[in-house]
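Please walk through the structure below.

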Amino acid sequence: MEIALLILSGILLVGLVASVTAAFFALKNAKAERVRFDELAESVFDYKMDWTEDLSEVTFGENLKRLLVSCGIAPDKKYVQSVFGNDMEGADGGMSLCVNAVRRSGVISEYYSAVGISGLIHWKSVSVTQPNGRIKVYSLGRDISDEMVSRKITEQLRQQVMEEFEYISTASSNADAGILAFITEGTSVYMKTSAHICALMGFENTDTIHLDQFLSMVKKEDVLVVQRQINRFISGESDALYVEASVKTSLGIYHTFTLECKYNKGAIDYQHLRTGMIFDITVSRMNREEAFKDTQRDPITGLYNRNGFMIEGGEYLSKGKDEDERIILICIQVIKLRKISMLFGIEVTDTLSKLYAETLTRVAGENAVVGKVGVEDYALMLRCESEEEAEVLLKRVSIVVESFCNNETLPSVLKEQSGFIAGACFHNSTDDISVFFNKASVTLFSGVRKPGKICSFFDEKIEKAVSGRNIVEHEIGEALKLGELELYYQPKISIKTGDIVGAEALMRWNHKTQGLIMPNEFIHVAEEMEIITKIDEWGMLQACIQNKLWQEKGYDPIKISVNMSQAQLYQTDVVASVTNALNESGIDPGCLEVELTETMAMIDIDRTISILYSLKDLGVSISMDDFGTGYSSLSSLKILPIDLIKIDRSLVYDIETNVTARCITKAIVDLGKAMDLTVLAEGVETEHQKELLDELGCDIIQGYLYSKPQPAAVIERMFLIPAAERKKEKQRQKEISQV
C-alpha cells in the first residue's frame, strides 16, 4: 500500500512539473510573439492596438495614444467600438465586434485634432484564439492622409494641365510672358521658364538658367532688392514673390520683367513647389512712366496731386465765378495715416488711400475736382449750396470708410485710427485758388468745430484762431528762454487713505499777452517745429527739482509722473536725459515716474523695451497712460516692464451708468492685480465714481473730484501741508496714548 502511494505521488509530481514547464514555455512563446508583433507594427504601421472579445483588455500603442489625446479622445474601449462597431445594429457583444473588425479589415477612420489638423487611418485586423479560449484582435493602422490628398490633387492637376497647356503656351508667347519655376538642387537654385522668355533675356537654346547667372544681368541698383526678395521666397520666409527686375539682354538694352510666384503647398513634385509667371513689361512700364511725367496724378490713387489740383481747381473756380455759382473747397486730413503705415505697413495705407479716393470721387460726382494733396491730405472742390449739404456728403464718405474698416480681415484698431477731419471754405468772390485753398486748409488746425460736425468752416473765429497759431509758431521757441513755461500738478490720491501719494506734471504756457495757453494749443506746434524734445527735457528737470524742494521742506516723499512724448522716446537719448535730471535735482529715482501711452510704445517695440529696462535700472517707475483704449493692451503688459496702469478717463466717465464700461474697468483692475501692478483711474469727478472704483479694487484716483491741475504752491497749500499736519496730529495722539 505504501509503495502504491509512493508511485502515485511520483506520477502526480512529474505531471505537475510537466504542466509548469509547459506553461513557462507557452508564456515565453507568447511574450516573444508579442515582441515580434510590436516590432512589425512599429516598422510598418503608424498605429496599433489589441483588445479582447469582451473589451475587458484594451491596449493602445504610444503613437495612437498621443494622437487620440491631442484630439480630445479617451484611449479606451469606446474608441474601439467607434472604429469597428459603427455599422452594427445595437451589437455590444465581444464576438460580434471581433467578427465585425476582421470582416471590416480595411476600414478607414477619421480624426480631428484640437489645433485643426485632420486625417485618415486605414486599419487592418486579425483575430487570434488564445489558449484559454478567449479571442484577441490585433489592429494595425496606417495614416493615409497625405496619400489621399496628394492623389486627388495630382489627378486634378493632370487633367487641368492637359486641357490648358496648349492655350497657356500660345497666350504666354503672344503676351511676352512665360511660366516660371524655381528649382533647388542641393545649394544651387535654377530658374526654369519658357524658351521664348529665355530668348528675350538673351539666353539662347535653353529654358533653365542658374539664378546667379540671372542676377549677374540685373541692373546694378536693383540687384540687391531682387536678390533679397527671391532669397526670402526660396528660403520659405515668404509664401509669395512679386518683384520687378531690369535685365540687360544680349542686345545691350534693358528689359523689365516682373516675377510673380507662390509656394504651392499641394504640389507633389519639388520642381512645382515654387511656380508662377514671368512677364516682359518693358513697353508698358515705359508708357506708364511717360504718362505720369505728362500728367499731374497721384500714382497710388489716380487723383490729382497738389499741382494738378491747383491747376484744375483754378479753372473750376474761374468757371464757377463766371456762372455765379457757389463753390465749396474742402480740405480733408486723414488722421494718423502715417502712424497706420508704421504700425500695419504701406499696403494697408495704400488700401485706405484708394478707398478714400474712390469714395470721394463717387460721392462728390463726376463734376467735382478731387485731389490727394499730401501724405494724409485730400482736397475736394464742387458746387454746393450750404454747410449742411457739405456735412451730408462727408458723412456718406465716413459711413463707407467705417464699413470697410469693420471688415474682420483688417487690423482691429483700424477703425479708431482711420477717421478724418475736414475744413471748408465757400467761394466768396475770390478767383485766386491759392487763397481759396489756404482758407480751407487752415481750418484743419483751428480746433473750432461744432459738436457732431465733421467740417469746420472758415469765418472770423477761424481767422482769430489762425492768428493765435501764428503767435505760437513765432514765439514758442522763445518761451523757454523767457521763462514763460510752467509746470502745473494734478494730485494722485490713495483711494484707501485719502492722502496724496503722487502728482502728474503738466505743461502750461503763461504768455505775456495771450495769458494761459493750454498744451493742446502749443505742443503739436512744438512737435512740428521739432523743439518738443527741449521742452520735454526742461519739464523733466523742473519736475524733479520741485519734488526735491518739497522733500527739503519736510513733506513726505511723493512720486511725480512726467509724460514722455514720442519724439523724446525715439529721437533722443532719453535715458541720458532722465539721468541728468536725477543728478541735477538730487532726487531719489524712486520718486520719479515716466508715463507713456501703449500705442506710442508699440511703434518700435524692441527699442521701447530696451529704453524702459534701462530706465528701470536707474530705479525710475514706468506707467502706461490711457490703458484700455489702445490696440494691444494685453500684449503690451506682457512684454513691457510696467509698474502702474492708468485707466482711461473715457471708461471712468461712463462707469456710473454704463455696465460695459464698469465691466471693462473691473477686468483691467483684476488684470493689474494679477500682474502685481498698481492701478490708477484718471478723470474721477464724483463721489459715486470714487465709491465704485473703491469697490472694484482701484488703488489710486486722479481727477477734478480732488483738484484740477494747479501751480506747485497751490498743491503744497491744499495737500502737502494738510498731510503733514495730519501726520503730526497722529504722532501727538500716539504719544499721548503711550503716556
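Thr608 touches Leu569, Tyr570, Leu596, Ala601 and Leu640, leaving aside residues up to four places away in sequence. Contact here means heavy atoms within 4.5 Å. Thr608 sits in helix α22, residues 605-618. Thr608 is buried, with a relative accessible area of 0% (buried is under 20%, exposed over 50%, partly exposed in between, with a 1.4 Å probe and protein chains only).

This is a predicted model: local features need pLDDT of at least 70, side-chain atom pairs count only at pLDDT 80 or more, and totals for chains, interfaces and linings use all residues. Residues are numbered from 1 along each chain as its sequence is written, and side-chain values use heavy atoms, with hydrogens and water left out.

Now the sheet. Strands of a sheet pair through backbone hydrogen bonds, either parallel or antiparallel. Here 5 strands form an open sheet, ordered β13-β14-β12-β15-β16, with mixed pairing. The twist averages 20° from one strand to the next. Pairing requires at least two DSSP bridges between two strands. Helices (H or I, at least four residues) and strands (E, at least two) are DSSP runs, numbered from the N terminus.

4 bridges join β13 to β14 (residues 377-383), and the two run antiparallel. Gly371 stands opposite Ala379 in β14.

Helix α12 (residues 346-364) packs on the sheet. Helix α12 touches β12 (327-334), β13, β14 and β15 (420-426), and its direction makes about 5° with that of β14. Helix α15 (residues 433-442) lies across β12, β14 and β15, at about 50° to β12. Axes are lines fitted to C-alpha atoms, for helices over the stretch in contact, and angles run from 0 to 180 degrees between N-to-C directions.
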